[in-house]
Amino acid sequence: MLEGLRRSLRSFVEAVSVREVSEEELEGILNRLFFSLAECDVAVPVAESLVERLRSELAGLKVRRGTRVEGLARAALRKALTDLLSAAEPVDFLKEVAEARARREVFKVVLLGPNGHGKTLTAAKLARLLLNHGFTVVFACSDTFRAGAEEQLEEHAKRLGTYVVKHRYGADPAAVAFDAVAHARARGINAVIVDTAGRMQTDASLMEEMRKIVRVVEPHLKVFVGDALTGNDALDQALRFHGAVGIDGSVLTKVDADAKGGAAVSIIYATRKPILFLGVGQRYEDLMPFDPAWLIDKLVGG
Ligand SMILES: Nc1nc2c(ncn2[C@@H]2O[C@H](COP(=O)(O)OP(=O)(O)O)[C@@H](O)[C@H]2O)c(=O)[nH]1
Ligand SMILES: [Mg+2]
């Protein structure tokens with residue numbers, strides 16, 4: 001997990017620490033850092049911003065050899081990453097669900113994102129988490145487009161001991177979501193998780209469909225689900241969905257298989273919205289609450 005990014009940050013720290021470097025050499029080192037960040041799926045504007053911050057922290061400082069410099073370089077990196085990642089206000093998912101329950105509201109979360117990025121499995125993982133914390137949950141199968149979508153969600157529901165509200169294939173996804181909310185209200189169910197489609201004949205009709213679901217359901221959270229393995233594509237898609245409906249945060253999936261690690265930093269920086277969870281495997285419990293401090297520790301070390 002995240003080895004690539006960790007490695008490129010570590011070689012930066014080493015390059016400035018092993019011996020005294022001139023301003024020119026520092027430029028070369030920062031250049032190399034920029035390219036290795038880009039190779040690790042850190043989006044270009046994010047890599048630029050990180051390098052810029054490091055340049056201003058480290059320039060002027062007569063960079064000398066030894067552990068002191070290593071400490072300074074690490075501190076500069078930590079500071080730069082903290083600035084980047086604090087662009088987003090954190091969201092406490094379980095707390096928000098608990099607060100909705102206290103207000104006697106059904107908590108509504110809509111999962112959005114491209115096909116195959118992990119929406120349906122994430123829906124099941126979120127349900128597992130809520131059930132473990134004593135909430136009741138129902139799914140809305142608002143992917144009425146892809147063959148097998150209902151069966152997939154029903155299989156999860158069966159294993160979790162919960163229920164799927166669904167219509168026929170080709171039905172209006174917003175109507176399904178609306179019915180699920182009504183179903184939850186009528187039965188005192190705490191939360192509705194709306195699973196949506198990722199592919200349509202045209203992009204415009206998919207975005208129109210998402211906007212309609214959001215209009216009808218008025219969700220507490222609109223969560224983009226993006227696959228870390230797709231790197232910069234996940235970032236572009238996050239911005240696309242954010243532009244269409246205004247997301248509240250993201251779940252980054254398949255982080256267990258992601259050797260590069262740049263997608264998380266890029267998505268937070270570009271959307272200015274937090275990552276709520278990381279998907280770190282195919283089991284229901286493979287959902288990790290995301291904490292920027294954890295990421296920074298993992299990337300920069302102590
Ligand atoms: N390794 C791993 N696989 C995942 C993760 N999340 C989803 N997947 C897999 O990715 C594939 C697509 O997931 P799915 O939920 O059907 O995507 P959807 O089309 O967005 O609903 C499935 O094979 C999932 O098991 C994850 O965090 N780690
Ligand atoms: Mg799906």
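Me: Is Ser142 buried or exposed?
Reply: This is a predicted model. Ser142 has a relative accessible area of 0%. Buried means under 20%. Therefore Ser142 counts as buried.

Me: Which element holds Ser142?
Reply: The element is a strand covering residues 137-142. Ser142 is found in that strand, E2.

Me: Which residue has its backbone oxygen 2.9 Å from a polar atom of the Ser142 side chain?
Reply: Leaving aside neighbours within four places in sequence, Ser142 is in contact with several residues, among them Val176, Ala177, Asp195 and Glu209. The backbone oxygen that lies 2.9 Å from a polar atom of the Ser142 side chain belongs to Pro173.

Me: Where is Asp41, and what is its phi?
Reply: Asp41 sits in the loop between helix H2 (23-39) and helix H3 (44-58). Asp41 is not a glycine, yet its phi is positive. The value is near 70°.

Me: Is Asp41 buried or exposed?
Reply: The relative accessibility of Asp41 is 10%. The cut-off for buried is under 20%. So Asp41 counts as buried.

Me: What is the phi of Arg272?
Reply: Arg272 lies in the loop between helix H11 (263-271) and strand E7 (275-279). Phi is positive here, although Arg272 is not a glycine. The value is about 60°.

Definitions and conventions
Residues numbered from 1 in each chain as written. Chains lettered and ligands numbered in written order. Predicted model: local features only at pLDDT ≥ 70, side-chain atom pairs only at ≥ 80, totals over all residues. Heavy atoms only, no water. Helix = DSSP H or I, 4+ residues; strand = E, 2+ residues; numbered from the N terminus. Buried < 20%, exposed > 50% of the residue type's maximum accessible area, 1.4 Å probe, protein only. Polar contact = N/O pair within 3.5 Å; in protein donor to acceptor, adjacent residues only side chain to side chain. Contact = heavy atoms within 4.5 Å.
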